[in-house]
Amino acid sequence: MTPPSSEACMARALQLARHGCYTTHPNPRVGCVVVNAGLIVGEGYHAYAGGPHAEVHALREAGDAAAGATVYVTLEPCSHHGRTPPCAQALIDAGVQRVVVAMGDPNPQVAGRGVAMLREAGIEVEVGCLAADAEALNVGFVKRMRDGVPFVRLKMAMSLDGRTAMASGESQWITGGSARTEVQRLRARSCAVMTGVDSVIFDNSRLTVRADQLGREDGEVIARRQPLRVVVDSRLRLPAAAACLREPGRTLVATVSSDEARRATLEQAGAEVLVLPEAAEGRVDLRALLAHLAAREQCNEVLLETGATLAGAMLDLEAIDEMQLFVAPTLLGGEARPLFALPGLECMAQQRPLQIDDIRAVGRDWRIVARPLPGKHRG
C-alpha cells in the first residue's frame, strides 16, 4: 500500500478541523493526524474552547504508536499555558519524530514559539503544507490576531433587480427556505451578528440561531451557543419590547447617545449599552465598534445582516471582507429599497468593483460570494 502524501494527510486534518466550525469560538479551528509506518494511527480536532486541543485528542488515540510518528496539524502547536497545557510539549513528550504544520499561529503568544520549541527538542518541523486552505478555515481568527478587528461577512437577500425590501420596509420573505437555512449556518459560525436599529424596528428580528432551521442533526447542540447580537443604534431608538432582547444570549447596543433614561430602560429590558465615539453626522464610530468586538468580545467572525444605510457605511470604510448575496428569482420594482446606500457615486469611474468567488444555486435562489476589491475606485 502506498503511504499517504503529506498533502493527503493535511487535507484530512483540515477536514477534521471543520468539525469545530460552529463550536470553537474564540479559538481557531484545528485538526490533527498522526501517521506511523504509512498508516493513520490517531486523529483529533479542537471541539470547544477550554477543551483539549486537536493534538491531544490525536495523541491519545495514537497511544504508544505516536513514538517516532509524523504529526500533521493545521495550525502551529501552542507553546504557552492557557486554559490547557502547551501542545508542543505534549508532542515532545509523546516522542514524535516529525511535525508538519499547515500555517504558523498569528497569535503573538505563539507566533513561531511552538515551532522553535519542537526544533529545540530535536523534532523535524515543516511549515506551509496547504497553508492557504488552513488560513481560509480561520479567516476570522487570523484577522483578529493580525489586524485587531474581526472578519466581517455581509449577508443580504435581494430580488433579481437588486432590491432588499419594499419601500415600507417589508422584507419577509424574499428568499426561500434553503437560503434561510444557509443564513442560519452563517449565524452559527459567527461570534456576533450585527445589524442596524432600523432593521430591528422593521423586522423585529431575533438574530438567533434556530436549531430547527439549521438542517443538521446536531442543530440543538450548535444552537446552545448563541452569537452576540450587536445593534448599531446611534440615538437609542431600539424598542424595549424588541424580540432580540428576550432571546437567550446577549444583545449589545452600540450608541453615541448620552440619554441616561433611555439607556436605563434598555438595560432593564436586557440590553448591554456600549457608548462609543461619535463619527460623522452623529453616527457610531464603526471602526471603534469593530475594535471593541475584537479586543473585548474576542470576536473572530462577524455576520453583518442589515439594511442599505449600515451596509453602505461599512463598505465605505472598507470594513467588509466578504459578501454573501442571496438572489431570489423575483422583482420588487424601482420604489423598493436598494442593496447599499452609497451617496456620491456620479460617474462610472466611482463604481465599487467586486471579485466574485462563487455563484451557485441554493434551492430556488442563487448565492453570490464576492469580495470588495481594495480601493474605492476602479482607477
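Hi everyone, let's start inside: helix α6, residues 139-147, gives the largest share of the lining of the largest cavity, three residues. Helices here are DSSP runs of H or I with at least four residues and strands are E runs of at least two, numbered from the N terminus. Please keep in mind that this is a predicted model, where local features need pLDDT of at least 70, side-chain atom pairs count only at pLDDT 80 or more, and totals for chains, interfaces and linings use all residues. Residues are numbered from 1 along each chain as its sequence is written, and side-chain values use heavy atoms, leaving out hydrogens and water.

Back to that cavity. How many cavities of 30 Å³ or more does the structure hold? There is one, and the largest cavity has about 50 Å³ of space. On a 1 Å grid over the protein atoms alone, a cavity is a set of points where a 1.4 Å probe fits but cannot get out, while a pocket is an open set with protein on both sides within 12 Å along at least five of seven lines; lining residues have an atom within 4 Å of a point. Volumes are the space filled by probe spheres set on the points, which are joined across faces, edges and corners.

Who lines the largest cavity? T24, H25, N27 and R29 do, together with N138, V139, G140, F141, N300 and E301. By class, two of these lining residues are nonpolar, six polar and two charged. P26 sits in the loop between α1 (6-17) and β1 (31-36).

Now to an open space. The second largest pocket holds about 1000 Å³. Its lining has 34 residues, and those closest to the centre are F151, R153, E322, Q324 and V369. Two or more lining residues come from each of α5 (131-137), β6 (151-159), α7 (177-189), β13 (322-328), β15 and β16 (365-372).

Leaving aside residues up to four places away in sequence, Q355 touches V369, A370, R371 and L373, a contact being heavy atoms within 4.5 Å. Is Q355 buried, exposed or partly exposed? Q355 counts as partly exposed, because its relative accessibility is 33% (buried is under 20%, exposed over 50%, partly exposed in between, with a 1.4 Å probe and protein chains only).

On to the charges. The whole structure has 23 salt bridges, each being a side-chain nitrogen of Lys or Arg within 4 Å of a carboxyl oxygen of Asp or Glu. In one of them, E247 meets R206 at 4.0 Å, N to O. E247 is in the loop between β9 (228-232) and β10 (251-255) and R206 in the loop between α8 (197-203) and α9 (219-223), so this pair ties together parts 41 residues apart in sequence. Both ends are partly exposed: E247 has 22% relative accessible area and R206 has 35%.

R250 and E272 form another salt bridge, with 2.8 Å between the closest N and O atoms. This pair links distant parts of the chain, 22 residues apart, with R250 in the loop between β9 and β10 and E272 in strand β11, residues 271-275. R250 is partly exposed at 34%, and E272 is partly exposed at 31%.

E281 pairs with R283 at 3.7 Å, N to O. E281 is exposed at 71%, whereas R283 is partly exposed at 43%. Elsewhere, salt bridges with shared partners join R29, R153, R189, E301 and E322 into one network.

Finally, some backbone angles. E281 has a positive phi of about 60° although it is not a glycine, and its place is the loop between β11 and α11 (286-295). L130 has a positive phi too, near 55°, in the loop between β5 (124-127) and α5. L130 is partly exposed, at 25%.

Technical notes. Nonpolar A, V, L, I, M, F, W, Y, C, P; charged D, E, K, R; others polar.
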